[in-house]
Amino acid sequence: MSDGALSKRAFLKQVLVGVTGGAALPTVARAASDGAPAPKEIVPPQAVNENHILRMMKDVTRALAKPIEKRRWGMVIDLKKCVGCSACTINCATENALPPGVVYRPVLEEQLGTYPNVGRRFVPRPCMQCEEPPCTKVCPVGATFKRPDGITAIDYDQCIGCRYCLTACPYSSRTSDFGDFFTQGVGLDPKNLQPYEKRDTLEYHEKRNRAKHDSPVGNARKCTFCIHRIENGMLPSCVSTCIGHATMFGDLDDPKSLVAELSGSPRAMRLREEIGTKPKVLYLV
Amino acid sequence: MNSKILKTLWLVAFAVGLFSVAARFFLGKDLAAYNSYIPWGLWVSVYIYFVGMSAGAFLLSTAVYVFKIQRLEPIGKLSLLVALATLAGALVTIFMDLGRPFRFWKVYASPSATSMMTLMIWLYTSYIVLLVVQIRLAMRADLVAASGRPGWFAAVARLLAGKEAPTPARLEKDRHLLGIIGIVGIPLTLSFSGGVGALFGVVGARPYWNSALMPLLFISGALASGAALVAVAFTLFREDRESAIFRDLTLLLANVVLGFLSLYVIFEWAEFSIHLYAAVPAEANAVRLVLFGPFWWVFWLVHIGLGVLVPLAILAPVANRTDPSKVALAAGLIAFTFLAVRVNIVVPGLALEELHGLKNAYSDARLNFNYFPNLWEWGVTAFSYSLVALLFYVGCKNLPLLGPGAGTREGGAR
């Protein structure tokens, strides 16, 4: 087989694995029929049919190669794909060892219409990682701040627990750690916390243990986009758990990234856009 | 009033309060009923309640020391003491409310200039300094006299004013300084009482709070509640009840309290009626929650009924305004029920979902929109009240603030 011709086997392989996509297919077919030299390597448009998880991991790796201030982490949530399973909520809670009453990513449920024209809408709600976060400027001690990569973080050792930031967040994305444990108040000896309650949390790459009532007990807490995972080349836990591939993650400042591509969709909108916080979590509606 | 009943009441409140405070610190978890969706509750309300009273009482004292209204002289020092006692109650309560209270020093060590809370902290730190200086200047002679008497208060008095009796020239100089510091104190106190309103007003995420009227509501509320508390202290505890000064001041204080209360109600009417008429859901729903929600009685019965209409009815006849018991009752109702006004500012602003569906998205006692203070919160509040009462009692016991002629030049105290 000559270099210029595409073998039948290679052609079928590309079709079967779904890599070529609609745009590439006519090009290949034309090249084969015309007998004209075809390109050595056909690069399909990235968004088409590539496994989203693999693509987003490549996006993350590419972003990590840039200086931190050049990254702009963002999330796109496709509401048509969300089935409301709450796997993201649960995995987030286990990943971050969240105690009772602390939730980073609840899934809001809404019933729409009237019978027989009814539907349900599920809206996962992580921290919006606003470009203009109203929560940071109200903090009296600068414990919460926007990082150079756009993620709003909390310094647990600095936070005094005044909860002003909770009132200032227009999305109720912050919760307070009131020092509760799952085994308290259910008839078990509160001194004998279960092993899962004594686990270290790893948020912000810091090992912390709530069992000693140290911070983050008494502090405000929020979704971090799993900084401890993404800076190790992994996706946020809610993204990797989503059974419907409804949540996409990456660098909004990387034009090749999936999230940057989707952010240009006419379906993209943000929650409570009118208040000017410029969230970096977009919803495809 | 029967002092035995008062002392027993105080002792019960203090004991319950102390137990609740101990539980707050030693059980390792926050026992309060507020939660992540309603993160501020009774304690923040008590804090703004006492801060308002402190500011109001201080502003009343400036009528004496800045505006030289001689008729009000007998309550000048009393107002300063009320301002100090209520400020202490406010600070203790907000200390309890912090998730990590022993990090409060960070607000001084690493303040953030963009926060209204930081501004507030700096303003009322300046206010504390100013208040202590005012007390030293206004009561130097009284403090020096107290420093010579036996008991622990002598040490406090000595710390504040020294041991040396002031000369007449020194006293005159003090009086001059009082006026100057009072002038500084007026904008400072207006800034910090209005600033507490701004602390709420700047929160764009909460349409019920996000109003330019909020600082004015707080200033007028401070004046009404602070003046009411001073009126209660004066009419209940002043000793020379048959004197002309007492009768004259009782009438004047009743009028002042009525005026400030009316001003507050006008601002409140403006705020609520505009929200309701415009009927923008985010704003109007919070007002509807206050007026017709599950806690409608806090507004209608406690605030409007006991806090406005009953006092108005009591004080409407001029004759009642010279009757110390009636003035004490009316002013006491205003002062006491003003906590309902504060609760109705804090909680309804938080009690509506910011995003539809949040209420049912995740089930947990700390993630809901129903809030009513629990016994622990009432217990800590009892501690704050008992602390205010204790400071007031200690001040009055050791300084001639309520005796015959107290606060007047003729009375010798000033």
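**Notes on a proline and the A–B interface**

1. Leaving aside residues up to four places away in sequence, B:Pro39 touches A:Arg163, A:Leu166, A:Thr167 and A:Ser176, as well as B:Tyr34 and B:Leu350. The model is a predicted one.

2. Where does B:Pro39 sit in chain B? The residue is in the loop between α1 (3–26) and α2 (42–65) of that chain. B:Pro39 counts as buried because it has 27 C-beta neighbours inside 10 Å, and the cut-off for buried is 20 or more.

3. B:Tyr371 is 332 residues away from B:Pro39 along the chain, and their C-alpha atoms are separated by 9.8 Å.

4. The contact between the chains involves 42 residues of chain A and 41 residues of chain B. On the side of chain A that touches chain B, the elements giving two or more residues are β2 (107–114), α5 (134–138), α6 (164–168) and β6 (174–176). By residue class, that side of chain A has 23 nonpolar, 13 polar and six charged residues.

5. β2(A), one of the elements on that side of chain A, also pairs within its own chain. Its partner is β3 (residues 117–124) of chain A; the two strands run antiparallel and are joined by eight bridges. A hairpin of two residues links β2(A) to β3(A). Which residue of β3(A) is the bridge partner of A:Leu112? The partner is A:Gly119.

Key: Residues numbered from 1 in each chain as written. Chains lettered and ligands numbered in written order. Predicted model: local features only at pLDDT ≥ 70, side-chain atom pairs only at ≥ 80, totals over all residues. Contact = placed C-beta atoms within 7 Å. Helix = DSSP H or I, 4+ residues; strand = E, 2+ residues; numbered from the N terminus. Nonpolar A, V, L, I, M, F, W, Y, C, P; charged D, E, K, R; others polar. Pairing = 2+ DSSP bridges. Buried ≥ 20, exposed ≤ 12 C-beta atoms within 10 Å, placed from the backbone.
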